[in-house]
Amino acid sequence: MLSVKAKGLDGFIKKLRQKDLIMKGKVTEIKRKLVSDVFTDLVKGSPQWSGNLASNWYIDFHGAKSAYNPIPNYHPTNYQDSDKYQVGMNPAVSDTLNREIPKISQIRWNTNVTIINQTPYAKEVEEGK
């Protein structure tokens, strides 16, 4: 009877699993940074008048679906009377970043992430209307 025994195979498999975990950790770190950078650029670069558009950026994952959530006292017909903000201005930018950026720590290497803005007029703004 012939028998073959692989020496060190269990140790080799253990090392491979450790390397796999290290790689997934690095990919997770890179993914989180990318999501943070893209999200921050979108929020800071959103045109503003009332801050409503900038405040409606969300990071969705793990089945979460964000909905349009107008800022207090916002109404499409009274925007002329509201404060006039410009791209990158607070409070919309800082409020949105403070609300969403902490969620990024829950993202893993294989998490499907969507950055979304459900504001009804977001597409028109993107088209320059």
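**Note on salt bridges, surface and pocket**

1. Asp20 and Lys24 are joined through their side chains by a salt bridge, with an N to O distance of 3.1 Å. The model is a predicted one. Because Asp20 and Lys24 are four residues apart in helix H1, about one helical turn separates them. Asp20 is partly exposed, at a relative accessible area of 36%, and Lys24 is also partly exposed, at 26%.

2. A salt bridge also links Lys33 and Asp37, whose closest N and O atoms are 2.9 Å apart. Both residues belong to helix H1 and sit four residues apart, about one turn of the helix. Lys33 has a relative accessible area of 51% and so counts as exposed, the cut-off being over 50%. Asp37, at 34%, counts as partly exposed.

3. The structure holds five salt bridges. One of them pairs Arg99 with Glu100, with 2.8 Å between the closest N and O atoms. Salt bridges with shared partners join Arg99, Glu100 and Lys103 into one network.

4. Helix H1 spans residues 9-45 and includes Leu16. A nonpolar patch on the surface is formed by Leu9, Phe12, Ile13 and Leu16, which together have about 360 Å² of accessible area. Leu16 itself is partly exposed, with a relative accessible area of 47%.

5. Leu42 is placed in helix H1 as well. Its relative accessibility is 32%, so Leu42 counts as partly exposed. Between Leu42 and Gly11 there are 31 residues of sequence separation and a C-alpha to C-alpha distance of 47 Å.

6. His75 belongs to the loop between strand S1 (57-60) and helix H2 (92-100). This residue is partly exposed, with a relative accessible area of 42%. The C-alpha atoms of His75 and Asn52 are 9.6 Å apart, for a separation of 23 residues in sequence.

7. The second largest pocket has a volume of about 240 Å³. Its lining consists of 12 residues, of which Gln48, Trp49, Ser50, Tyr121 and Val125 are the closest to the centre. By class, the lining of the second largest pocket comprises eight nonpolar and four polar residues, with no charged ones.

How values were computed
Residues are numbered from 1 along each chain as its sequence is written. This is a predicted model: local features need pLDDT of at least 70, side-chain atom pairs count only at pLDDT 80 or more; totals for chains, interfaces and linings use all residues. Side-chain values use heavy atoms; hydrogens and water are left out. Helices (H or I, at least four residues) and strands (E, at least two) are DSSP runs, numbered from the N terminus. Buried means under 20% relative accessible area, exposed over 50%, partly exposed in between (1.4 Å probe, protein chains only). On a 1 Å grid over the protein atoms alone, a cavity is a set of points where a 1.4 Å probe fits but cannot get out, and a pocket is an open set with protein on both sides within 12 Å along at least five of seven lines; lining residues have an atom within 4 Å of a point. Grid points are joined across faces, edges and corners, and a volume is the space filled by probe spheres set on the points. Ala, Val, Leu, Ile, Met, Phe, Trp, Tyr, Cys and Pro count as nonpolar, Asp, Glu, Lys and Arg as charged, and the others, Gly among them, as polar. Patches are made of residues with over 30% relative accessible area and no salt bridge: like charges are joined within 9 Å, nonpolar side chains (Val, Leu, Ile, Met, Phe, Trp, Tyr) within 5 Å. Accessible areas come from the Shrake-Rupley method with a 1.4 Å probe; for residues, only the protein chains shown count as cover. A salt bridge is a side-chain nitrogen of Lys or Arg within 4 Å of a carboxyl oxygen of Asp or Glu.
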